[in-house]
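Trainee: I have a structure open on my screen and would like to learn how to read it. Could you take me through it one feature at a time?

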Amino acid sequence: MSNNGNEMNGTPRKAGLRKITTSDKHDGICHDMAAPTVKAQTIDELHSLQKKKSQPSTPIKGAPGAFTPTISDDQRQKQQLQSISASLASYVRETGPKVVRGDPANKTQSINSSSAAAPKEHHVEAPTISVSDSSLKFTHVLYNLSPAELYEQAIKYEKGSFVTSTGALATLSGAKTGRAPRDKRVVKDDDTSEELWWGKGSPNIEMDEHTFMVNRERAVDYLNSLDKVFVNDQFLNWDTENRIKVRIVSARAYHSLFMHNMCIRPTPEELENFGTPDFTIYNAGQFPCNRYTHYMTSSTSIDLNLARREMVILGTQYAGEMKKGLFSVMHYLMPKRQILSLHSGCNMGKGGDVALFFGLSGTGKTTLSTDPNRYLIGDDEHCWTETGVSNIEGGCYAKCIDLAKEKEPDIWNAIKFGTVLENVVFDEHTREVDYLDRSVTENTRASYPIEYIPNAKIPCVGPHPRNVILLACDAFGVLPPVSKLNLPQTMYHFISGYTALVAGTEEGVKEPRATFSACFGAAFIMLHPTKYAAMLAEKMQKHGATAWLVNTGWSGGSYGSGSRLKLAYTRKIIDAIHAGSLLNATYKKTNVFGLEIPTEVEGVPSDILDPINTWSDKDAYNETLLKLAGLFKNNFATFTDYKIGPDGKLTEEILAAGPNF
């Protein structure tokens with residue numbers, strides 16, 4: 001009887017069972033030959049087969065073939081380790097530490113041939129100590145780990161790290177849950193003393209080179225004392241002609257994942273040929289600074305040395321210090337290339353029209369720049385070059401206190417695997433986050449790659465802006481919902497950076513509080529505000545952009561008596577700006593501030609366009625208007641002694657564009 005595979009030795013086989021065959025060897029033993037055995041002799045070998053090394057998948061520019069390596073993998077890795085060792089070099093000792101790639105927990109890691117001594121350098125005179133304990137050990141380098149690898153490191157080794165119900169990594173930043181601007185220092189040397197903005201109103205607090213080196217040594221010694229450090233090599237600025245290479249050396253997986261999200265992630269081939277970084281951050285935030293060191297006012301110190309292109313962090317684990325520290329660096333480096341750096345949101349219409357959004361916290365910058373009908377170029381930091389705009393970052397850093405899916409669905413949906421959630425509170429069992437809970441801090445945050453936003457434009461670049469929108473949440477209720485600005489007015493309001501906040505939650509306190517932040521980001525700018533304002537006006541004039549002042553605050557009275565302008569009306573105004581219809585509207589000028597306001601906007605009640613119409617008490621309106629004008633005048637007095645241009649005429653024009661009593 002023939003065997004067609006359904007029978008064996010004359011016995012019918014059950015359907016669905018695999019055919020068992022015997023080996024050619026007639027040893028009487030039945031073997032399962034359906035699948036080959038694994039090529040491993042031990043469990044460890046079997047585990048090693050589970051992982052494979054990633055290979056570049058796109059051609060290298062200029063290479064004759066798809067991939068034509070000029071050096072071997074071993075040579076490239078050696079150069080990479082030498083570069084990292086040089087970054088960690090102490091200037092009290094001659095060389096950097098012995099570094100080796102890999103997790104020290106992996107005992108099979110070979111360290112015999114992976115160490116690399118840094119070349120001797122003499123930037124600062126210091127006593128040489130030939131031997132120290134750190135020179136007798138290896139420092140393991142966890143280099144550009146993936147989010148999955150960083151999750152494993154955080155969960156294993158960092159207390160307070162958990163996976164939430166949506167897959168995000170929840171973590172804690174320690175005692176500091178926000179930036180510490182009073183502890184930020186900048187080295188004042190021969191160059192920076194002339195270039196940077198110092199003195200009243202400036203965010204730049206000086207320190208000397210020697211004190212920076214003391215803190216740098218403290219940070220480097222701390223990092224070298226660890227068994228492992230995390231190293232990120234990444235980029236800033238999507239404009240490849242003007243991008244900056246940055247290296248971040250940190251002690252926490254949380255910090256490494258945060259920067260993986262916030263900076264631009266290199267392709268494998270870009271990483272293989274990364275070379276020497278343009279700027280380096282030493283994040284030793286778990287270790288305090290020495291409070292007896294000159295210039296130190298607390299155990300926290302964030303120090304920038306622009307000549308050395310280095311940043312040192314001591315005494316704070318808040319990840320936002322790295323993000324904003326690099327933004328400060330870009331505010332210094334980009335204007336040197338005639339590139340304007342901007343603290344703004346940016347989106348683009350389907351027709352290619354780009355809009356910039358400036359605004360302080362609570363003005364609606366994130367809400368209004370994240371538009372489902374437009375492409376998101378970026379939410380926070382941008383450059384305006386000769387070719388157009390580009391996002392500085394590779395990710396978003398969104399506030400998530402009171403976050404709701406209905407109000408901000410894009411941010412809600414972006415909180416998934418790979419996202420870092422800072423200082424949030426979650427259910428112990430379900431791991432569902434309670435975004436209303438302020439137990440740890442009001443400043444809860446989510447950091448995620450920009451491609452997590454569905455309508456993000458990748459690469460994050462666009463043409464020259466058509467509209468520049470300055471947002472103010474005016475709790476005094478006297479600014480119009482929208483007004484068109486001329487160039488001097490644009491510079492005046494850009495330098496002012498105004499919004500008004502409700503004074504607080506104390507019972508009976510209803511008086512608004514005016515807030516001014518130069519260039520809508522005073523904490524991060526390095527040069528005098530008028531320099532950025534002059535560059536903005538020049539680029540707007542050259543490329544035909546129009547500026548608008550949009551009030552997202554109160555109408556019909558100040559906070560406590562009036563009501564906040566409806567978001568639906570503000571969206572109609574923004575839509576009209578994007579569409580270009582407001583350019584052809586009829587305008588009239590307001591008193592005191594001299595603002596041009598349209599008499600009609602489609603979808604918006606005409607009576608609210610002039611704020612005086614909405615106040616029942618006209619005398620109270622005029623009194624409040626003069627009060628706000630006085631606050632503007634007092635704030636701008638800080639900038640009146642700075643002359644733009646040889647004759648200072650532009651300065652006079654800017655001053656004349658302010659409120660007139």
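Mentor: Gladly. The secondary structure of the protein chain comes to 15 helices and 34 strands. Keep in mind that this is a predicted model.

Trainee: How much of the protein chain is buried?

Mentor: Of its 661 residues, 52% are buried. As for contacts with a separation of 6 or more, 72% of them join residues 24 or more positions apart.

Trainee: What should I look for in the interior?

Mentor: Start with the general idea: in soluble globular proteins, nonpolar side chains tend to be buried together. Here, the largest nonpolar core has 128 residues, and the members that touch the most others are W384, L421, Y448, F494 and F593. Helix α8 (residues 320–336) gives this core its largest share, eight residues. Apart from it lies another core, of 27 residues, including Y91, V99, A219 and L226.

Trainee: Which residues is F494 in contact with, leaving aside its neighbours within four places in sequence?

Mentor: The list is L342, F358, L470, A518, C519, F520, Y532, A533 and L536.

Trainee: Now, how do I describe a pair of helices?

Mentor: Two packed helices are described by the angle between their axes and the distance between the axes. Take helix α3 (residues 147–157) and helix α6 (residues 253–262): their axes are 9 Å apart, at an angle of about 160°. Angles over 145 degrees count as roughly antiparallel, and therefore α3 and α6 are roughly antiparallel to each other. The crossing of α3 past α6 is left-handed. On the α3 side, P147, L150, Y151, Q153 and A154 take part, and they meet A253, S256, L257 and H260 of α6.

Trainee: Which residues of α13 are buried, and what covers them?

Mentor: The buried ones are T570, I573, I574, A576, I577 and H578. Their cover includes the strands β15 (345–348), β16 (354–358), β26 (465–472), β27 (482–485) and β30 (546–551), together with helix α9 (365–369).

Terms used:
Residues numbered from 1 in each chain as written. Predicted model: local features only at pLDDT ≥ 70, side-chain atom pairs only at ≥ 80, totals over all residues. Heavy atoms only, no water. Buried < 20%, exposed > 50% of the residue type's maximum accessible area, 1.4 Å probe, protein only. Helix = DSSP H or I, 4+ residues; strand = E, 2+ residues; numbered from the N terminus. Contact = heavy atoms within 4.5 Å. Core = buried A, V, L, I, M, F, W, Y, C linked by side-chain atoms within 4.5 Å. Axes fitted to C-alpha atoms, helices over the stretch in contact; angles between N-to-C directions. Parallel < 35°, antiparallel > 145°, perpendicular 65-115°, else oblique. Left-handed = near helix turned anticlockwise from the far one by under 90°.
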